[in-house]
Amino acid sequence: VSPITLTTDFGVGSHYVAAMKGVILSLHPAAAIVDVTHAVPAQDVRHGAVILEDVAPLFPADSIHVAVVDPGVGTDRAIVYARIGRQNFVAPDNGLLSRLARRTPPSKMLRLDRPEYWRHPVSSTFHGRDIMAPVAARLSLGAPPEAMGTPVGRLVDLAWPEVQLSPRGIVGSVILVDSFGNLITDITAEMLSNYPCNERTRIACGSLETPGIRRTYGDLAPGALAALVGSSGRLELALVGGNAAVRFGIKAGTPVAVRWD
Amino acid sequence: VSPITLTTDFGVGSHYVAAMKGVILSLHPAAAIVDVTHAVPAQDVRHGAVILEDVAPLFPADSIHVAVVDPGVGTDRAIVYARIGRQNFVAPDNGLLSRLARRTPPSKMLRLDRPEYWRHPVSSTFHGRDIMAPVAARLSLGAPPEAMGTPVGRLVDLAWPEVQLSPRGIVGSVILVDSFGNLITDITAEMLSNYPCNERTRIACGSLETPGIRRTYGDLAPGALAALVGSSGRLELALVGGNAAVRFGIKAGTPVAVRWD
Amino acid sequence: VSPITLTTDFGVGSHYVAAMKGVILSLHPAAAIVDVTHAVPAQDVRHGAVILEDVAPLFPADSIHVAVVDPGVGTDRAIVYARIGRQNFVAPDNGLLSRLARRTPPSKMLRLDRPEYWRHPVSSTFHGRDIMAPVAARLSLGAPPEAMGTPVGRLVDLAWPEVQLSPRGIVGSVILVDSFGNLITDITAEMLSNYPCNERTRIACGSLETPGIRRTYGDLAPGALAALVGSSGRLELALVGGNAAVRFGIKAGTPVAVRWD
């Protein structure tokens, strides 16, 4: 069976996650449910969008990814199904899927508006349990998404900053602070490949500055600061054995400059 | 197979949870194990009881819910099996099942006292691993609960406060602080349905006071305080984009008054 | 199918864990994946080694335990497969398996050096996802470990302190602080069985001192300090209803003395 993954801002250990799992298993007892994370900072749609972009493509084709970072729950924001690449997504239409959709335009987009597929009564504060979980369970049982919604022409996008490339350097942003406090940027290995990586390379972010781009941090002393291309193929800044985000007070959105001067 | 759920106060990320899973899988390799939560505050039986009341009924019929919030481990408190509604429970007999049992009287109650179904040697500090996990595994394999225990006539109850209903208002209590810091009360939508919900409604709890009962918080500004009927069908108090429990210093047990004056 | 367990220092709620699960499921959609813990303190190989020693033997024979506490990621430290007892392990060769291997010498040890079994491109910072996860998935599909590596004669060991036994007492160490803040030592029930346990027994650790060894803490008042043989068969020190590690400022490595004087 295609796995159902869950990505939420409910908090690690929240019983609301278990409520969703109970609803899914009640409809599909053999469902395979995998937690992506429940530690998305509360209502931080951008954080969720980056996690989904990095993690969802690692799952088997036809997985069903349910994402609940939903500050607008109970308002008239839509809940959508989208087919992006070979993966299925169920999420509020608030930009959670915007990074995935920028990378690969969705081949199918539906507004989930057929209450006969939901759990009733529908709580006005927990559409994850009452709408998204039952829809995901039914998708995993093979129900066609078309039966559960109405086609829409586009999804809500978010204003993601563009990386600025110039002859003398690159200016991007931190897009994610990970569980180690590493600062993940939107500057990709591909972008960097057009520049020399030499002793004149300087990376700056907030009050943090470090020379050179390293291959790994495994050979650095604790406390060293390193810029390197991380596991998601993006430039990241790490404090070896420490938490760069806390140490330098840097949050998602902070600009990052790579210069060769 | 019927899922086995786990609810404990071991702490998120505790390897003791994995110890229980290892024991279950050793007896039943195809068992489907679902975490409800391991973030019950240490030894907070009441918190666990509310979580079980809210989450267990969402699971498929015949699920096996194992709950380990067990300040009396190693003393002569019993470990019990109970059939409540269409669900099975295995827990210390300390009130953990008391909210479920008040709602639906158990149709079967057994003291689990047959050591031949346990893991040996039985640790005096970890009956979750050595008694409850093997019993749950055997239940999931189809063993009849009667084989593993002796019928008992009642379970330990806890003194849950009664909600006071009067012509001028309702006085209840906070029964759970959830993972968002929302204050979940014992005042139900059904109780509220007998009162008008109008501009004269006032909700007070500790130093917190707010007018009216809203349908959702999705349309409120961050920082707004809202009373609404939450996803468990109970009145709850939430600070939009914040943590009401921390902000107002309110814990489970604090009285909540709804007045129309 | 044999379960695959995951033990990491990625942090509770880290999406890097989900990345590993996605890779495993992509290769083996029916894999059964169980989290042991992701709360190993960052880069604390010793903590991980104790957890593995305590938890892995509880799992079914032929389980595949993947452990990623890997401060040397990207350097030339090996990644190894080991067969220890009836269990399989995949881990960096940095001492993570050293407690298990001291207890039961591995019957098979391989350096995992066949890139054709890995995920490509291999990130220099995330061998858990790119090397260990695919190897574990293939083991769970029945691939022979010999196909994926080259035999080695030994694993990296760590200098674990020896427990000192003398006529007047025992001197050992705290080897783990658990999720309750209990102090787990390397003094076993078997060692203690050679000594009397009477009113003259004194246990001391840092600024903590307590008389006698108890059977359980379930019958002690909150705030009481207790020494007892815990669920892993080792002497442990617990503060009833509290956190002994925080209260007494004690960390793993602190000596523990049991005296009869």
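Ala, Val, Leu, Ile, Met, Phe, Trp, Tyr, Cys and Pro count here as nonpolar, Asp, Glu, Lys and Arg as charged, and the others, Gly among them, as polar. With these classes in hand, the reader may turn to the model, which is a predicted one.

Rolling a probe the size of a water molecule over the atoms shows where empty space is left. Across the whole structure, such a search finds two cavities of 30 Å³ or more. The second largest cavity holds about 30 Å³ of space. Its lining includes C:V80, C:P92, C:D93 and C:G95, and by class the lining has six nonpolar, two polar and one charged residues.

The largest cavity has a volume of about 70 Å³. Among the residues that line this cavity are A:D54, A:V55, C:H15 and C:Y16. Two helices, α2 (45-55) of chain A and α1 (15-27) of chain C, each supply at least two residues of the lining; α1(C) gives the largest share, three residues. The lining divides into five nonpolar, three polar and two charged residues.

The contact between the two chains can now be considered. It takes 26 residues from chain C and 27 residues from chain A. Together the chains bury about 2,100 Å², with 60% of this area on carbon and sulfur atoms. On the side of chain C, the residues C:H15, C:Y16 and C:T125 lose the most area to chain A, together 26% of what that side buries. The largest share of this side, nine residues, comes from α1(C). Between chain C and chain A there are zero salt bridges, whereas eight residue pairs are in polar contact across the interface.

Terms used: Residues are numbered from 1 along each chain as its sequence is written. Chains are lettered from A and ligands numbered from 1 in the order in which they are written. This is a predicted model: local features need pLDDT of at least 70, side-chain atom pairs count only at pLDDT 80 or more; totals for chains, interfaces and linings use all residues. Side-chain values use heavy atoms; hydrogens and water are left out. On a 1 Å grid over the protein atoms alone, a cavity is a set of points where a 1.4 Å probe fits but cannot get out, and a pocket is an open set with protein on both sides within 12 Å along at least five of seven lines; lining residues have an atom within 4 Å of a point. Grid points are joined across faces, edges and corners, and a volume is the space filled by probe spheres set on the points. Helices (H or I, at least four residues) and strands (E, at least two) are DSSP runs, numbered from the N terminus. Contact means heavy atoms within 4.5 Å. Buried area is the accessible area (1.4 Å probe) that two parts lose on being put together, summed over both. A salt bridge is a side-chain nitrogen of Lys or Arg within 4 Å of a carboxyl oxygen of Asp or Glu. A polar contact is a pair of N or O atoms within 3.5 Å; within protein, one must be able to donate a hydrogen and the other to accept it, and residues adjacent in sequence count only if both atoms are side-chain atoms.
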